[in-house]
Structure formats: C-alpha cells, structure tokens
Amino acid sequence: MTATNHGLMGIVIGAFLPMPLAIPLALLSHFVMDALPHYGIPQKQRNTSKIYKKVVAIDTITALLFAVLAASFGKWAMFWVGWVAYSPDFMWVISYFRHNNNLHMRPKNFITKFHKNIQRYERPWGAYVEIVLFLLLLPTTLHLFLT
Ligand SMILES: [Zn+2]
C-alpha cells in the first residue's frame, strides 16, 4: 500500500479516536491495508522499472506533503498517528538504504516475512484500488484539517 494511503488512514484514525487507543489501531490499519489488493510490481523488476521508481517518488513526496499539512494546521494527533500508521514500512526504507538503494526487498526475519507475505495481492492493477482509497480518504482528510 502507498505511504500516502497509510498516512491518510492514520490521519483519519488520529482525528476520530482518542489517544492512546489510536496508536494500536493505526498499526493494525497498516497490516489490514497491506492485505488488501494494492499497487506493486514483481520484486525483481523494481530496480529497473522507471514507472515504479516514479510512483515511489511521487508517493513519498505526497505523503510528506500531507504530514507537513497536518503539522501546519496544528493537527498533532493526526500528524503523529499518521506516522504510526505508516511506520511498519520503515523496515523497507531501512532495507533500501542499507542495500545501496535496492528496491528488491528480501525479508530475513519473522516480522519482515510476515509483512511481505500479507502483501500477496500486490499487483499493477492494484493502482486502481489505491486511487479509489485515496479519493475516499482525501476529502475526509482535508475536511478534518479545516475543522
Ligand atoms: Zn507495509
């Protein structure tokens, strides 16, 4: 699942649920969303696909933009719960930098294997699921920022 959709789901959870209840539910949302069909291409193609690299770059910039927006509106619970909802994917970010910007993830321990296995419905057509989810979360998020 894209960082943007994980973050937006966390923002919504942070707006509607009190602390500390929002924290475990944001983490749970991450794994539920990763188990849904979503965008992805085969691991072996990730380092050579220009489209995949562009999607990752645009997703990263968009997710960071929403974090900046949450902070600029002073929505700190939404800001932090958004990061919590995204946080399991830091294991991929660390792996990416540790292996010289390698997008081909090779799970090595129980938690990374679990995290990869639940994403078995990662497909290029999953982009449509991501877009629908984004279009549902976007107006809710913008409304929450402005109220
Ligand atoms: Zn994930």
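Helices (H or I, at least four residues) and strands (E, at least two) are taken here as DSSP runs, numbered from the N terminus. The model is predicted, so local features need pLDDT of at least 70 and side-chain atom pairs count only at pLDDT 80 or more, while totals for chains, interfaces and linings use all residues. Residues are numbered from 1 along each chain as its sequence is written, and side-chain values use heavy atoms, with hydrogens and water left out.

**Stop 1: the zinc ion**

Select the zinc ion together with His30, Asp34, Asp89 and His115. These residues coordinate the metal through NE2 of His30, OD of Asp34, OD of Asp89 and NE2 of His115, at 2.0 to 2.1 Å. Donors are N, O and S atoms within 2.8 Å of the metal (3.2 Å for Na, K and Ca); water is not among the atoms, so sites may look incomplete. Along the chain the donors are spaced H-x3-D-x54-D-x25-H.

The angles among the 4 donor atoms run from 89 to 174°, and the site is irregular. Four donors count as tetrahedral if all angles lie between 85 and 135 degrees; four count as square planar and six as octahedral if opposite donors are over 155 degrees apart and all others between 65 and 115; anything else is irregular.

Now colour helix H2 (residues 22-35). Histidine 30 and aspartate 34 both lie in this helix, 4 residues apart, about one turn. Both are buried, on a scale where buried means under 20% relative accessible area, exposed over 50% and partly exposed in between (1.4 Å probe, protein chains only).

**Stop 2: the largest pocket**

On a 1 Å grid over the protein atoms alone, a pocket is an open set of points with protein on both sides within 12 Å along at least five of seven lines, and lining residues have an atom within 4 Å of a point. Asp89 is also one of the zinc ligands.

Helix H3 (50-72) supplies the largest share of this lining, 11 residues. The lining divides into 26 nonpolar, 8 polar and 9 charged residues.

**Stop 3: the second largest pocket**

The second largest pocket has a volume of about 270 Å³. Select Thr2, Val55, Ile58, Asp59 and Glu130, the closest to its centre of the 13 lining residues. H1, H3 and helix H7 (126-146) each give two or more residues to this lining; H3 gives the most, with 5.

**Stop 4: aromatic pairs**

Show the aromatic rings: a search of the whole structure finds 12 aromatic pairs. Tyrosine 86 and phenylalanine 90 are edge-to-face, 5.1 Å centre to centre with 85° between the planes. Rings of Phe, Tyr and Trp (its six-membered ring) pair if their centres lie within 6.5 Å; planes under 30 degrees apart count as stacked, over 60 as edge-to-face and the rest as tilted. Tyrosine 86 is buried at 14% relative accessibility, whereas phenylalanine 90 is partly exposed at 35%.

Then move to phenylalanine 110 and phenylalanine 114, a stacked pair with ring centres 6.5 Å apart and planes at 20°. They are 4 residues apart in helix H6 (residues 110-117), about one helical turn. Phenylalanine 110 is exposed at 68%; phenylalanine 114 is partly exposed at 36%.

Finish by selecting Trp76, Phe79, Trp80, Trp83, Tyr86 and Phe90, which ring pairs link into a cluster.

Technical notes:
Ala, Val, Leu, Ile, Met, Phe, Trp, Tyr, Cys and Pro count as nonpolar, Asp, Glu, Lys and Arg as charged, and the others, Gly among them, as polar. On a 1 Å grid over the protein atoms alone, a cavity is a set of points where a 1.4 Å probe fits but cannot get out, and a pocket is an open set with protein on both sides within 12 Å along at least five of seven lines; lining residues have an atom within 4 Å of a point. Grid points are joined across faces, edges and corners, and a volume is the space filled by probe spheres set on the points.
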